[in-house]
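Here is a briefing on one protein chain and its ligands. Please read it alongside the structure shown below.

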Amino acid sequence: MKIALLGYGRMGKSIEAIAIQRHHNIVLKISDANSNYDFSDADVAIDFSIPSAAVTNIKKAIDAGIPVVSGTTGWLDQYSEVIEYCKKKDGTFLYASNFSLGVNLFFELNKKLSTLMSGFSEYTTEIEEIHHTQKLDAPSGTAITLAEQIIEQSDYKNWTLDEPKDSELLIEAKRIEGVPGTHEITYNSEIDAISIKHKAHSRQGFAMGAVIAAEWIKDKKGIFNMKDVLNIG
Ligand SMILES: NC(=O)C1=CN([C@@H]2O[C@H](COP(=O)(O)OP(=O)(O)OC[C@H]3O[C@@H](n4cnc5c(N)ncnc54)[C@H](O)[C@@H]3O)[C@@H](O)[C@H]2O)C=CC1
Ligand SMILES: O=C(O)C1=N[C@H](C(=O)O)C[C@H](O)C1
């Protein structure tokens, strides 16, 4: 498979290493908006860039008729616009806030636990996410997905990074040098606390998941997510 990498930073480089191990070729590497976006050689595009560049990158790949997988976070206020664009152009698009198998299993666990806890108002819920200090967005895309799952099952109406008011679910975003990505959800009462936690040891799981998603999407048409790829949930 011939892959265009839209974004060649920490994730772009990790994806390149895994793609080569799996006998794929990297035919295009984009590092900034002034690069030459010549997709003519590519079967699929993988976007791990920056929040302000993701939408343009995704649309350029769709315009070129190339299926595109995106893991860039921090641009989701434009998600519906991108989905409409992709449908209009009869393109192929897959977004995931987290591509690792472990986090996608964790999403399922989160849904189950939040359903179980929904009847017990003595517990308050909070999410903690920890990432490296170079991360541009807060909270993480993964924490937003976890929060949306909890909100769907509970009386929480939205999430906040600040002191929570009524019906607000607290996400605490910490930045610590070298941390690839840790997410923990805690249900706290006066009597006890229940926590579930996912801790990435490296970027390998994210990169592997992105390559597997690109392999899976290559010859498909439409809008997909990681649940479709992993067939879970
Ligand atoms: N969904 C997932 O599983 C994961 C998502 N991420 C997300 O992926 C994104 C990238 O993460 P990292 O690689 O750690 O960041 P990074 O900062 O190491 O890499 C981003 C790269 O994008 C490049 N860039 C700047 N403007 C660009 C443009 N117009 N087009 C293409 N590239 C451009 C930068 O030069 C940089 O090399 C972030 O949004 C991060 O949150 C990161 C890990 C896992
Ligand atoms: O920026 C990162 O590094 C990560 N970003 C993703 C997110 O925002 O959830 C996924 C992962 O936790 C690493």
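Which helices each supply at least two residues of the shell around ligand 1? They are α1 (10-21) and α2 (51-63). Helices here are DSSP runs of H or I with at least four residues, strands are runs of E with at least two, and both are numbered from the N terminus.

This is a predicted model: local features need pLDDT of at least 70, side-chain atom pairs count only at pLDDT 80 or more, and totals for chains, interfaces and linings use all residues. Residues are numbered from 1 along each chain as its sequence is written, while chains are lettered from A and ligands numbered from 1 in the order in which they are written.

**Ligand 1**
- The shell holds 25 residues, and the closest are G9, M11, S49, A53 and G71. A residue is near a molecule if its C-beta atom, placed from the backbone, lies within 6 Å of it.
- α1 gives the largest share, three residues.
- The shell divides into 11 nonpolar, 12 polar and two charged residues. Ala, Val, Leu, Ile, Met, Phe, Trp, Tyr, Cys and Pro count as nonpolar, Asp, Glu, Lys and Arg as charged, and the others, Gly among them, as polar.

**Ligand 2**
- Its shell includes T73, S97, N98, H131, K135 and F206.
- One residue of this shell is nonpolar, eight are polar and one is charged.
- Ligand 2 lies between domain 1 and domain 2, because both give residues to its shell.

**Domains**
- Domain 1 covers 2-99 + 204-230, and domain 2 covers 101-199. These bounds come from an automatic or database domain assignment.
- The domain centres, taken over C-alpha atoms, are 26 Å apart.
- 11 residues of domain 1 are in contact with 11 residues of domain 2. Contact means C-beta atoms, placed from the backbone, within 7 Å.
- On the side of domain 1 that touches domain 2, α6 (204-217) and α7 (226-230) each supply at least two residues.
- That side of domain 1 has five nonpolar, six polar and no charged residues.

**Whole chain**
- The protein chain has seven helices and 11 strands.
- Its C-alpha atoms fill a box of roughly 60 × 40 × 30 Å, taken along the principal axes.
- Among contacts between residues at least 6 apart in sequence, 65% join residues at least 24 apart.

Key:
Contact = placed C-beta atoms within 7 Å.
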